[in-house]
Amino acid sequence: SATTKVDSDALKAITAFKAASSKTKVLGYVTTASGNGSAPSVTDVKATIDAYLSLYPDLNGFFLDNMAVGTNRLAFYMEIYNHIKAKNKLLTVAGNPGTYPDQSYASVTDMLVTYASNAAAYQSIDPQPHNTWVYNQANTAQAMLVHSAGTCTAMQAAVATANLARTNTGLVYATDQPMGSAWNALPSYWTNLLSTV
């Protein structure tokens with residue numbers, strides 16, 4: 001696995017990606033819940049983070065996937081956040097609840113994915129009236145991940161929605177890949193996505 005030995009292909013990709021620009025960031029992927037609804041312990045998550053940093057010391061932070069949304073799990077994420085920042089305060093902590101979580105999650109991440117779903121449904125996304133706390137955050141503290149944006153026009157519409165004052169979302173990723181394999185490959189319009197952003 002990626003956290004027990006160095007993956008030479010991953011290491012080459014990290015090196016090449018970081019060489020392309022001084023602004024690029026590479027985040028290690030860490031799940032915080034499993035498919036059956038149970039969650040790894042905070043000890044397990046910390047061990048995964050430590051292993052990543054040992055094997056890939058040039059990482060810029062961590063992407064905490066499957067993040068909870070309720071305050072009942074806040075202490076869990078606070079402990080993980082503090083652990084990462086104790087390693088290096090410059091490490092980025094990105095959290096992916098995939099929807100608007102309780103506003104307290106903004107204090108245990110540097111960036112939250114507040115939408116991760118279908119591109120068509122993203123057009124009507126609105127944090128009001130229950131999640132207006134997002135307007136107190138920089139737009140670079142919020143991200144969206146949309147799948148099934150089947151055309152370049154659909155991708156551009158999703159990016160335009162993210163750019164609205166209503167959504168306040170500065171970090172965007174859209175793909176034409178369908179649900180189930182949405183994050184397995186770059187979209188066919190990757191170059192157009194970069195120029196649109």
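View 1. Two strands count as paired if DSSP finds at least two bridges between them; strands (E, at least two residues) and helices (H or I, at least four residues) are themselves DSSP runs, numbered from the N terminus. The model shown here is predicted: local features need pLDDT of at least 70 and side-chain atom pairs count only at pLDDT 80 or more, while totals for chains, interfaces and linings use all residues. Residues are numbered from 1 along each chain as its sequence is written, and side-chain values use heavy atoms, with hydrogens and water left out. Strands β1 and β2 pair in the parallel sense, over five bridges, and G28 has F62 of β2 as its bridge partner. The covered face of β1 carries G28 and V30, whereas L27, Y29 and T31 belong to its uncovered face.

View 2. Rings of Phe, Tyr and Trp (for Trp, the six-membered ring) pair if their centres lie within 6.5 Å, and the pair is called stacked when the planes are under 30 degrees apart, edge-to-face when they are over 60, and tilted for the rest. A search of the whole structure finds eight aromatic pairs. In one of them, the ring centres of Y29 and F63 are 6.2 Å apart and the planes stand at 25 degrees, so this pair is stacked. The two residues come from distant parts of the chain, 34 residues apart, with Y29 in strand β1 (residues 27-31) and F63 in strand β2 (residues 61-65). Y29 is partly exposed, with a relative accessible area of 41%, while F63 is buried, at 18%; here buried means under 20%, exposed means over 50% and partly exposed lies in between, for a 1.4 Å probe and protein chains only. Elsewhere, Y52, Y56 and F62 form one aromatic cluster.

**View 3. The surroundings of Y173 in strand β6.** The ring centres of Y173 and W183 are 6.2 Å apart and their planes stand at 55 degrees, so the pair is tilted. Y173 lies in strand β6 (residues 171-174) and W183 in the loop between β6 and α6 (190-196), so the pair ties together parts that are 10 residues apart in sequence. Y173 is buried at 17% relative accessibility, whereas W183, at 46%, is partly exposed. Y173 is also the bridge partner of L145, and the strands β5 (residues 142-147) and β6 pair in the parallel sense over four bridges.

View 4. The expected span of a helix is 1.5 Å times one less than its number of residues. Helix α2 (residues 42-55) has 14 residues and should span 20 Å, which agrees with the 20 Å between its end C-alpha atoms. Its buried residues include V42, I49 and Y52, and what covers them includes β1, β2 and α3 (74-87). The buried residues of α3, among them F76, Y77 and Y81, pack against α2, β2 and β3 (92-95). R73 lies over the face of F76, at 4.0 Å from the ring centre; a charge sits over a ring if NZ of Lys or CZ of Arg is within 6 Å of the ring centre and within 35 degrees of the ring normal.

**View 5. Two buried tyrosines, Y81 and Y122.** Y81, in helix α3, is buried with a relative accessible area of 16%. Leaving aside its neighbours within four places in sequence, Y81 is in contact (heavy atoms within 4.5 Å) with V93, S107, V108, T109 and D110. The C-alpha atoms of Y81 and T109 are separated by 6.8 Å, although these residues are 28 apart along the chain. Y122, in helix α4 (residues 119-122), is buried with a relative accessible area of 2%, and its contacts beyond four places in sequence include Y115, M144, V146 and A158.

View 6. A cis peptide bond, with omega of about 5 degrees, joins Q128 and P129, and P129 lies in the loop between α4 and β5. N66 has a positive phi of about 60 degrees although it is not a glycine; its place is in the loop between β2 and α3, where N66 is partly exposed at 35% relative accessibility. N168, in the loop between α5 and β6, is likewise not a glycine and has a positive phi of about 55 degrees, but N168 counts as buried at 16%.
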